[in-house]
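Colleague: I would like to go through the labels used for this model. Tell me what stands behind each one.

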Amino acid sequence: MKVKAAVVNEVNGPYEFEELDLQEIQHDEVIVKVVASGICHSDEALRVGDAEYPLPVVLGHEGAGIIEKTGASVKGFEVGDQVVMAYNSCGSCPNCRTGHPSSCVEWTILNMSGARSDGSPIFKKTDGTPVSSFFAQSSFATHTVTNVHNLIKVAPDADLRLVGPLGCGFLTGAGTVVNGLKPNVGESIVIFGTGAVGLGALMTAKIEGCGKIIAVDIHDSRLEIAKELGATHTINSKTEDLAARIAEITAGAGANYSIDTTGVSAVMKASLDVLGIQGVAAPVAVTPNSIELNTFMDLVLLNKTIKGVLMGDSIPQLAIPKLIEFHKQGQFAFDKLVQFYNFDDINQASADSNSGKTIKPILIIDETYRAGEPLLK
Ligand SMILES: NC(=O)c1ccc[n+]([C@@H]2O[C@H](COP(=O)([O-])OP(=O)(O)OC[C@H]3O[C@@H](n4cnc5c(N)ncnc54)[C@H](O)[C@@H]3O)[C@@H](O)[C@H]2O)c1
Ligand SMILES: [Zn+2]
Ligand SMILES: [Zn+2]
């Protein structure tokens, strides 16, 4: 099957539209007609080479669409179902079985190797050159092949143009709070970076009943949005003294939790410094940067913890329907953070995300789709 895909052919190269051959599905896979896809900062990290990846590649891992074909062993999904595609996991290792699919022992090979676990590609160029896939979904294409473990069924009336980013950015923010940090009601949290991940975390901290919810960014416009979504305090770390403000807001005690979504070394270190006794920091950015710390002074003395959290340690099939429900109730207003673009404008959408103009770009890949009218039913 021929598909139109946005291909990255070299590090720092633009997205280039090409006709590719989509390969046949295996028994546990489906073909999805992609309706829309968010662009996540992690797509950009791969495009610019912050994380090494085999090129050429079709990126995109916040896709939503409609199932067009199912493999022989696929159960629970039918042609015509509306789905969000999150990440892949094996479903049978100890970590998958205990409810931690982002800790799947095969996570890297299934999501980040550029091919299926047997090494076969999902896309080929018309001359036969294999093209890497990403997160077993590569949603920057008109059709894709994905694994049954990626899939989250959403209601026939859900708007597929909107829900794709629930598969990564917003899921990561929400899950880092609920599963990674597990705050008690009334505890305080500092969120560094108010992009999709940070604001997803912020809205969730509010739902979880955190007391002081402190948003930190270098753009006042983003901090305004953070306030609208529930930040009790905002700090522009470019113009204000971060340490002094945190001390003032927490009455000198420091915060219970922090999340860094910036990946900037000094900010990652600051996310540890703002913590009080027994505080926990979750640095979740995909970043080539490092931090230097003294284990005794920075961790041991105050019983602090640094915790890595991948994909919010979430089970997407359980978490995404909950986020949709919170959205319906007005408590997870991620639609306010979204800007739609035509698929053909992917390079502009990506540039607008980088410049800070757009928080969450969503590419409309099937312009004929209308919410509540799945194409194949
Ligand atoms: N751990 C995971 O599983 C996972 C999943 C998805 C995304 N990510 C990563 O999370 C990070 C955040 O993603 P996003 O989509 O929200 O990105 P984003 O670029 O939209 O948000 C980052 C925010 O940080 C702010 N910022 C930049 N420098 C700053 C500084 N010095 N001080 C304060 N704020 C600063 C920016 O203004 C922006 O608002 C990315 O690195 C992304 O790759 C991780
Ligand atoms: Zn992502
Ligand atoms: Zn597994």
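Colleague: Why is F17 called partly exposed?

Modeller: This is a predicted model, so its values are computed. F17 has a relative accessible area of 31%. Buried means under 20%, exposed means over 50%, and partly exposed is in between. So F17 is partly exposed.

Colleague: What makes F17 and F343 an edge-to-face pair?

Modeller: Two values. Their ring centres are 4.9 Å apart, and their planes stand at 85°. A pair needs centres within 6.5 Å, and edge-to-face needs planes over 60 degrees apart. Both hold, so the pair is edge-to-face. F17 belongs to strand 2, while F343 sits in the loop between strand 17 and helix 12. They are 326 residues apart.

Colleague: How do you know whether F343 is buried or exposed?

Modeller: The relative accessible area of F343 is 4%. The limit for buried is under 20%. Therefore F343 is buried.

Colleague: Why is the pair of F332 and F334 called tilted?

Modeller: The angle between the planes is 50°, with 6.2 Å from centre to centre. Under 30 degrees would be stacked and over 60 edge-to-face; the rest is tilted. So this pair of F332 and F334 is tilted.

Colleague: What makes K4 a charge over the ring of F17?

Modeller: K4 lies over the face of F17, at 4.8 Å from the ring centre. The distance limit is within 6 Å. K153 does likewise with F77: its charged end is 5.6 Å from the ring centre.

Colleague: Now the metals. Why is the site of the zinc ion (ligand 3) called tetrahedral?

Modeller: Look at the angles. Among the four donor atoms they run from 102 to 117°. Tetrahedral asks that all angles lie between 85 and 135 degrees. So the site is tetrahedral.

Colleague: Which residues coordinate that zinc ion (ligand 3)?

Modeller: C90, C93, C96 and C104, each through SG, at 2.3 to 2.4 Å. C93 and C104 are in loops on either side of helix 2, so they tie together parts that are 11 residues apart in sequence.

Note on methods:
Residues numbered from 1 in each chain as written. Chains lettered and ligands numbered in written order. Predicted model: local features only at pLDDT ≥ 70, side-chain atom pairs only at ≥ 80, totals over all residues. Heavy atoms only, no water. Donors = N, O, S within 2.8 Å, 3.2 Å for Na, K, Ca; no water. Tetrahedral: all angles 85-135°; square planar, octahedral: opposite > 155°, others 65-115°. Helix = DSSP H or I, 4+ residues; strand = E, 2+ residues; numbered from the N terminus. Phe/Tyr/Trp six-rings, centres within 6.5 Å; stacked < 30°, edge-to-face > 60°. Buried < 20%, exposed > 50% of the residue type's maximum accessible area, 1.4 Å probe, protein only. Lys NZ or Arg CZ within 6 Å of the ring centre and 35° of its normal.
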